[in-house]
Amino acid sequence: MADIAAVPLTPTSPPHGTLARAERFVWLTARVLEQRLFAHHFRDGAAGPVETALEAYRNADGGYGHALEPALRGPASLPAHTARALHVLDSVARCDARRAEDVCRYLTSVSTTEGALTAIRPEAALPAVRPAGSGDAAVRLPGALSATAPVVGLLHRNEVWHPWLFRATDFCWQAVESLDAARPGDVVAAVLFLDHAPDRARAEAAAEQLGHLVRRERLVVLDPDAPGARPAASTAPGSVPGHTPGDCRFPHDYARTPDSLARAWFTDAETERSLDVLAAGQQADGGWPARRLPGAPEPAPAALLEARPIATIEALRTLAAYGRSLA
């Protein structure tokens with residue numbers, strides 16, 4: 001997957017344009033990490049401040065916690081937090097072997113015997129249930145493609161090699177190639193793996209089959225104007241408008257960049273309509289709604305507020321990758 005384009009905000013940017021409105025939303029609501037990310041992607045900011053902000057979420061076991069993934073509260077390291085950390089490092093081109101070594105040590109400690117990561121219950125992050133640094137709660141649960149594939153894909157993208165990665169890659173291949181029914185979240189995770197898996201011929205063949213599955217099982221909204229195709233974002237008490245259902249997916253949710261293998265699943269017209277939906281998703285306050293994390297409870301106002309700047313930055317990056325104007 002190619003790097004998603006950076007679009008600097010210039011003094012001539014329209015004050016009420018897409019990027020300017022999103023910038024105001026980020027400065028008013030985002031954590032330091034997302035403020036630094038926005039500055040890096042859209043104001044030519046350096047990568048160093050992003051790394052510094054991310055370091056605050058790292059634990060001694062090599063994993064990440066402290067609500068880095070906003071839906072999961074508490075200090076403990078969890079695979080979902082660590083996946084988010086790798087995504088951040090990758091987005092600023094700092095996910096090298098040195099930085100990944102500690103992460104892979106943590107991933108090894110919490111993976112199943114197959115090398116798979118688990119979709120941990122949100123309460124596992126709380127100190128009363130699972131102390132920070134303890135991986136015991138994770139290994140008792142079965143491995144999940146949705147938890148494993150994004151991490152494995154990002155590590156392959158950055159040419160990181162580690163003994164754990166061989167086992168985890170084998171798990172992902174088996175899980176992806178045996179999918180005959182899936183949830184949208186599983187497909188999104190599978191695409192992140194296939195886009196960067198080293199065996200490109202095998203990845204292309206698996207992606208073709210996965211695309212047939214997505215269309216056959218209607219796991220994507222191709223007609224945004226159909227009744228019920230655009231679910232309204234909900235509002236948590238005491239917060240701004242907030243999240244969209246986790247299982248409502250459009251073509252851009254699978255093909256986040258034009259060179260993703262998932263882009264071949266959709267026609268040009270279907271992709272353009274999908275991007276229209278994404279662009280129209282910007283809300284009155286300048287931000288985009290956050291997608292509810294599968295398995296997580298209804299987000300608390302604080303978690304919702306922290307998640308929306310993440311969703312906003314990702315929406316802007318996807319639009320920019322497809323050449324959509326952010327003015």
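Val 92 touches Leu 37, His 40, Ala 47 and Val 50, leaving aside residues up to four places away in sequence. Val 92 sits in the loop between H4 and H5, in a model that is predicted. The chain has 327 residues, 54% of which count as buried, and it holds 13 helices and two strands.

**Val 92**

- The relative accessible area of Val 92 is 5%, under the 20% limit, so Val 92 is buried.
- Glu 51 lies 41 residues from Val 92 along the chain, and the C-alpha atoms of the two are separated by 8.6 Å.
- Glu 51 is also one of the residues that line the second largest pocket.

**The chain as a whole**

- The accessible surface of the chain comes to about 14200 Å².
- Carbon and sulfur atoms account for 55% of that surface.
- Among contacts between residues at least 6 apart in sequence, 69% join residues at least 24 apart.

**Helix H7**

- Helix H7 covers residues 145-157, which makes 13 residues.
- From its first C-alpha to its last, H7 reaches 17 Å, close to the 18 Å expected at 1.5 Å a residue.
- Eleven of the 13 residues of H7 are buried, so H7 is largely enclosed by the rest of the structure.
- The buried residues of H7 include Leu 145, Pro 150, Gly 153 and His 156.
- Ala 147, Thr 148 and Val 151 are also among the buried residues of H7, and these three are among the residues that Leu 117 touches.

**Leu 117**

- Leu 117 is found in the loop between H5 and helix H6, which spans residues 136-139.
- Leu 117 counts as buried because its relative accessibility is 0%, under the 20% limit.
- Leu 107 is ten residues from Leu 117 along the chain, and their C-alpha atoms are separated by 7.5 Å.
- Leu 107 is also one of the residues that Leu 117 touches, residues up to four places away in sequence not being counted.

**Residues with positive phi**

- Most residues other than glycine have a negative phi.
- Ala 67 is not a glycine, yet has a positive phi of about 65 degrees.
- Ala 67 is found in the loop between H3 and H4.
- With a relative accessibility of 7%, under the 20% limit, Ala 67 counts as buried.
- Glu 159, also a residue other than glycine, has a positive phi near 55 degrees.
- Glu 159 follows H7 and is found in the loop between H7 and H8.
- Glu 159 has a relative accessible area of 66%, over the 50% limit, so Glu 159 is exposed.

**The largest cavity**

- The count comes to one cavity of 30 Å³ or more.
- About 30 Å³ of space lies in the largest cavity.
- Helix H2 (32-42), H4 and helix H13 (301-321) are the elements that give two or more residues to the lining of the largest cavity.
- H4 gives the most to this lining, with four residues.
- The lining residues of the largest cavity include Arg 84, His 87, Val 88 and Ser 91.
- His 41, Ile 313, Glu 314 and Arg 317 also line the largest cavity.
- Leu 37 is another lining residue of the largest cavity, and Leu 37 is also touched by Val 92.
- By class, the lining of the largest cavity has three nonpolar, three polar and three charged residues.

**The second largest pocket**

- The second largest pocket has a volume of about 200 Å³.
- Helix H3 (48-55) and H5 each supply at least two residues of the lining of the second largest pocket.
- H5 gives the most to this lining, with four residues.
- Among the lining residues of the second largest pocket are Arg 98, Arg 99, Asp 102 and Val 103.
- Leu 54, Glu 55, Arg 58, Gly 62, Tyr 64 and Leu 89 also line the second largest pocket.
- By class, the lining of the second largest pocket has four nonpolar, one polar and six charged residues.

Conventions: Residues numbered from 1 in each chain as written. Predicted model: local features only at pLDDT ≥ 70, side-chain atom pairs only at ≥ 80, totals over all residues. Heavy atoms only, no water. Expected span 1.5 Å × (residues − 1). Buried < 20%, exposed > 50% of the residue type's maximum accessible area, 1.4 Å probe, protein only. Contact = heavy atoms within 4.5 Å. Areas by Shrake-Rupley, 256 points an atom, 1.4 Å probe, with all protein chains shown as cover. 1 Å grid on protein atoms, 1.4 Å probe; cavity = no way out; pocket = protein on both sides within 12 Å on 5 of 7 lines; lining within 4 Å. Points joined across faces, edges and corners; volume = space filled by probe spheres on them. Nonpolar A, V, L, I, M, F, W, Y, C, P; charged D, E, K, R; others polar.
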